[in-house]
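Dear colleague,

Please find below the structure that I am handing over to you. My notes on it follow directly after.

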Amino acid sequence: MLGILYSVKVYDFGCPSCGFESRNQIGSPDGDQILTDVNTEFAQYKLYACLKEKKFVGANVLDATFDGKCPSDGSALQEVTTEEARCPRCNTKLKVEESKPLSTSDSAAE
Ligand SMILES: [Zn+2]
Ligand SMILES: [Zn+2]
């Protein structure tokens, strides 16, 4: 039996046309998340495209502060799925690769 199973997956998106690249996490962790004193017991990460900035914006849709708009410019976000991911710059269908999970506690790059 496996221990903690996280269903949050990290995907690498790449545009074969213009070179756009993005790495984002999608999904929701299972109930084994360690409960902290902040109310982050539920998280569901979705991927959105900000057409204003022409980039991907990851969001926790269960975060009360998330209202479907880009946090930096307030424009309406478009949901992106891994099956139908298109480049926010040139609308080419993106290559999608599942990546290794990001470490949440260590942000130091190797
Ligand atoms: Zn592109
Ligand atoms: Zn934006």
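**Findings on strands and core**

In β2, the residue G14 has E21 as its bridge partner. Likewise, F13 is bridged to S22 of β2.

Please bear in mind that this is a predicted model, in which local features need pLDDT of at least 70 and side-chain atom pairs count only at pLDDT 80 or more, while totals for chains, interfaces and linings use all residues. Residues are numbered from 1 along each chain as its sequence is written, and chains are lettered from A and ligands numbered from 1 in the order in which they are written.

The two pairs above belong to strand β1 (residues 9-14) and β2, which run antiparallel and are joined by six bridges. Strands here are DSSP runs (E, at least two residues), numbered from the N terminus, and two strands pair if DSSP finds at least two bridges between them. The hairpin of β1 and β2 has six residues between the strands, and G19 takes a positive phi near 85° there.

An open sheet of three strands has the order β2-β1-β6, with antiparallel pairing. Because β2 (21-26) and β6 (95-99) are at the edges with a single partner strand each, one side of each has no neighbour in the sheet. On average, neighbouring strands of this sheet are turned by 25° against each other, direction ignored; the angles, from 0 to 180 degrees, are taken between N-to-C directions of lines fitted to C-alpha atoms.

Another open sheet of three strands, also antiparallel in its pairing, has the order β4-β3-β5. Here β4 and β5 (78-80) are the edge strands with a single partner each, so one side of each is left without a neighbour in the sheet. Six bridges join β3 to β4, which run antiparallel, and Y48 stands opposite V57 in β4.

Which residues have the most contacts inside the largest nonpolar core? They are Y48, A49, F56, V57 and V80, in a core of 15 residues. Such a core is a set of buried Ala, Val, Leu, Ile, Met, Phe, Trp, Tyr and Cys residues joined through C-beta atoms within 7 Å, where buried means that 20 or more other C-beta atoms, placed from the backbone, lie within 10 Å of the residue's own. The elements that give two or more residues to this core are β1, β3 (45-50) and β4 (55-60), and β3 gives the most, with four residues.

Yours sincerely

Key: Buried ≥ 20, exposed ≤ 12 C-beta atoms within 10 Å, placed from the backbone.
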